[in-house]
Amino acid sequence: FAPDGKWVASTCINTFSPRVELWDAATGERSGTLVADETDQHGIQSIAVSPNGKWLIGGQRDGWINVWTTADWKLVSRSKHHDACVSAIVFSPDSTLFATGTERGTVQLSTVAAPAIVVHRWQIEKTPAPQGDISFGGTSGVVALVFSIDGRRLLTGAAGDAKISVIDVASGAIIRTIEHVHSVGNMNPS
């Protein structure tokens with residue numbers, strides 16, 4: 001949902017579609033389609049809308065990040081951030097930063113003002129998945145990212161190894177690892 005509740009963005013995961021669909025929240029009708037590169041066969045896997053409603057980011061299966069402005073739906077940045085599928089994206093509460101995570105356990109922090117520049121980069125420890133858990137390739141891929149409400153911490157949730165990493169955004173230090181019972185699927189700040 002857009003912060004004003006007027007539109008919804010969606011994408012089809014596990015496809016090769018380079019599209020983000022826009023929907024009118026009141027009528028349920030499609031109101032537009034965003035395409036980063038029509039010739040690209042690496043689909044948009046994850047999307048996020050900034051809390052201020054000004055930006056929409058789509059992360060692709062091949063590691064590319066696409067940034068659109070919501071005022072006119074123009075693609076303002078397209079850059080190669082990762083060497084793996086972008087499985088999670090989140091904006092900071094003040095909409096100035098965004099974090100991306102991959103199925104190979106890499107997390108990067110960038111600014112909205114200069115999306116192609118990486119401020120911090122982490123490789124979250126990859127361990128074999130517990131038997132019976134669904135994960136990316138049997139190891140811990142990042143499936144959930146969330147900023148603390150004050151924006152000072154970034155939490156990464158991994159499938160497979162059942163760990164949550166707590167990162168200090170200012171210093172870039174991983175300050176804590178929380179052992180989860182099973183694979184992390186989602187997190188919510190409070």
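User: Where does Ser-50 lie?
Analyst: Ser-50 lies in the loop between strand E4 (44-49) and strand E5 (55-60). Strands here are DSSP runs of E with at least two residues, numbered from the N terminus.

User: What kind of model is this?
Analyst: This is a predicted model, in which local features need pLDDT of at least 70 and side-chain atom pairs count only at pLDDT 80 or more, while totals for chains, interfaces and linings use all residues. Residues are numbered from 1 along each chain as its sequence is written, and side-chain values use heavy atoms, with hydrogens and water left out.

User: Back to Ser-50: buried or exposed?
Analyst: Ser-50 is buried, at 1% relative accessibility. Buried means under 20% relative accessible area, exposed means over 50%, and partly exposed is in between, using a 1.4 Å probe and protein chains only.

User: What does Ser-50 contact, leaving aside neighbours within four places in sequence?
Analyst: Ser-50 is in contact with Pro-3, Trp-55, Phe-91 and Ser-95, where contact means heavy atoms within 4.5 Å.

User: And which side chain does the Ser-50 side chain join in a polar contact?
Analyst: That of Asn-52, at 2.6 Å. A polar contact is a pair of N or O atoms within 3.5 Å; within protein, one must be able to donate a hydrogen and the other to accept it, and residues adjacent in sequence count only if both atoms are side-chain atoms.

User: Ser-95 was on that list. Where does Ser-95 lie?
Analyst: Ser-95 is in the loop between strand E8 (86-91) and strand E9 (97-102). Ser-95 is buried at 5% relative accessibility, and has a positive phi of about 65° although it is not a glycine.

User: New topic. How many aromatic pairs are there?
Analyst: The count is 2. Rings of Phe, Tyr and Trp (its six-membered ring) pair if their centres lie within 6.5 Å; planes under 30 degrees apart count as stacked, over 60 as edge-to-face, and the rest as tilted. Trp-7 and Trp-73 form an edge-to-face pair, 5.0 Å centre to centre with 80° between the planes.

User: What does the pair tie together?
Analyst: Trp-7 is in strand E1 (residues 7-10) and Trp-73 is in the loop between strand E6 (64-69) and strand E7 (75-80), so the pair ties together parts that are 66 residues apart in sequence. Trp-7 is buried at 13% relative accessibility, and Trp-73 is partly exposed at 25%.

User: What about Phe-91 and Phe-98?
Analyst: Phe-91 and Phe-98 form a tilted pair, 6.3 Å centre to centre with 55° between the planes. Both are buried.

User: Now sheets. What is the order of the open sheet of 3 strands?
Analyst: The order is E1-E2-E3, with antiparallel pairing. E1 and strand E3 (30-35) stand at the edges, each with a single partner strand, so one side of each has no neighbour in the sheet. Two strands pair if DSSP finds at least two bridges between them. E1 and strand E2 (residues 19-24) have 4 bridges.

User: Which residue stands opposite Val-8?
Analyst: Trp-23 in E2.

User: And the order of the open sheet of 4 strands?
Analyst: E12-E13-E14-E15, again with antiparallel pairing. The edge strands are strand E12 (142-147) and strand E15 (174-179). Strand E13 (residues 153-158) and strand E14 (residues 163-168) pair over 5 bridges, and Leu-154 stands opposite Ile-167 in E14.
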